[in-house]
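Please read them alongside the structure.

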Amino acid sequence: MSASEAEVRTIRIFDTTLRDGEQSPGASMTVDEKLQVAKQLARLGVDIIEAGFAISSPGDFEAIRRIGAEVEGPVICSLARAKEEDIKKAWEALKDVPKKRIHTFHSTSDIHLKYQFRVSREEALKRSVEMVKLAKSFVDDVEFSPMDATRTDPVYLTEVIEAVIEAGASTVNIPDTVGYTTPEEFGKLIKTIKEKVKNIDKAVISVHCHNDLGLAVANSLSAVFNGAGQVECTINGIGERAGNCSLEEVVMALRTRRDFFRADTTINTEEIIRSSRLVTKITGIPVQPNKAIVGANAFAHEAGIHQDGLLKEKTTYEIIRPESIGLSSTRLVLGKHSGRHAFKTRLKELGYELTPEEIESAFQKFKHLADQKKDIFDEDIEALISEEIEKTPEVYSLVGLSITSGLNQKPTASVKLKIEGKEVEMTEHGDGPVDATYKAISALTGTKSSLLKFDVKSITGGTDALGEVTVALEEGGRTVRGHGADTDIIVAAAKAYINALNKLAGR
Ligand code: KIV
Ligand code: ZN
């Protein structure tokens, strides 16, 4: 290692996709979905996974417990308010986890203390210290957040930070809870904390920025530049309101401008695009095409002068190699003549560990797809195997579907389903083939759910591409998402609807 390399600090990545990210409107995930995301976050190499808020719901509690039991590598963390019952619940969820952290928080801004919690600054400080001590009696690794730190009196803020470090916090997180600060101001605050908090060398300074003014990444980078050692972020920047600092942006900014920040992370950046796609698929929250790093246009050069430069020398207009985030230029992997072995090898390379039965079932689907589609890409394989990974019990399965529709024809769908071993059939009309299909499925299953969302996208290019449909259904206050992929988009739509109905029926 050269002398200048030795000066490059390693910044910890604390991923909160499963906690703050899940607070995005409509992004709630099932325990199985959270587990899938957590396994991908481990492949991505995040340092800490905030797996949930144990006391907030039985689902969060179970997700933390299962992620802790099944995901190796990162530290697993639960959020807890600075309350005894929260901290005890976080401990209960984490107690068997080998690498664990309790993250407790209390507001410190006068606005919050006066109007929301109606407690004095002294009382807030006392509770924070007591609850850090309680958390420390359970785990070594305790993080404390003074919520709304950027609107807190800085003198009081440094007092709180010093006291919680004294009480045992090994990470102090500075949240810009309402996305109010600016890069220069936030950088100064981090510098002040470093200078004024006497015991700051005993803790890592973390930052947690919200994106209300579109400044979350810039504010986090400014904090790193001024000494922060941990960044809290989410995949695709999802999160409360306008979201959190985007993991892929902050990580790639540090990697690309390591020369400037003198800091980097240990993230396996080749896993970024897969992580982004998985979170989009599971949450149903799309990524805007022009989003930095993971947007569909992030590496698309349109201007002739740019294309000319790129053909001559990539670095003329490309500051990040697409391959470095996992976008491969040689994406064609398999075709009609590929055998079981090649398919199994590719699944392994993509990071999937399936049982022999799951591999066989996915291979049959692959063969079927290869008959319809000449070139099979990684994205196609991922769509195919998502059903195997999801493991939703099949109360309903699609056995047959035929459609008539076209110009001046009444769209008609005949649907055959297997429901608990028995085949049933129904024909319905609709204002389009999807509407007719959904009416037939709805009548056959007797569902009372309502369709909140219907989204179609093509997985790869070309008219033979797989179409992927995502739906969101609501029934009795519960929302679930369903996915279906097929070269026929009406079949994909039927599969997505049935997948969501199975999720509703399964719990
Ligand atoms: O935004 C925030 O302040 C939070 C805290 C719980 C860290 O999410
Ligand atoms: Zn937050």
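1. Val-160 counts as buried because its relative accessibility is 1%, where buried means under 20% relative accessible area, exposed over 50% and partly exposed in between, with a 1.4 Å probe and protein chains only. This is a predicted model, in which local features need pLDDT of at least 70 and side-chain atom pairs count only at pLDDT 80 or more, whereas totals for chains, interfaces and linings use all residues. Residues are numbered from 1 along each chain as its sequence is written, chains are lettered from A and ligands numbered from 1 in the order in which they are written, and side-chain values use heavy atoms, with hydrogens and water left out.

2. Val-160 sits in helix α7 (residues 154–167); helices (H or I, at least four residues) and strands (E, at least two) are DSSP runs numbered from the N terminus. Leaving aside residues up to four places away in sequence, Val-160 touches Thr-108, Leu-125 and Phe-144, contact meaning heavy atoms within 4.5 Å.

3. Lys-373, in the loop between α15 (356–372) and β12 (376–377), is buried, with a relative accessible area of 1%. Its side chain makes a polar contact of 2.8 Å with the side chain of Asp-380; such a contact is a pair of N or O atoms within 3.5 Å and, within protein, one must be able to donate a hydrogen and the other to accept it, while residues adjacent in sequence count only if both atoms are side-chain atoms. Beyond four places in sequence, the residues that Lys-373 touches include Asp-464 and Thr-487.

4. Arg-118 has a positive phi near 50° and lies in the loop between α5 (110–117) and α6 (121–138), whereas Asn-408, with a positive phi of about 60°, is found in the loop between β13 (396–404) and β14 (412–419). Arg-118 counts as exposed at 67% relative accessibility, and Asn-408 counts as exposed at 78%.

5. Which strands each supply at least two residues of the shell around ligand 1? They are β5 (100–107), β6 (142–147) and β7 (171–176), and the residues surrounding the ligand, each with a heavy atom within 4 Å of it, include His-103, Ser-145 and Asn-173.

6. An oxygen atom of ligand 1 is 3.0 Å from an N or O atom in the side chain of Arg-19, and a polar side-chain atom of Thr-177 lies 2.6 Å from an oxygen atom of ligand 1.
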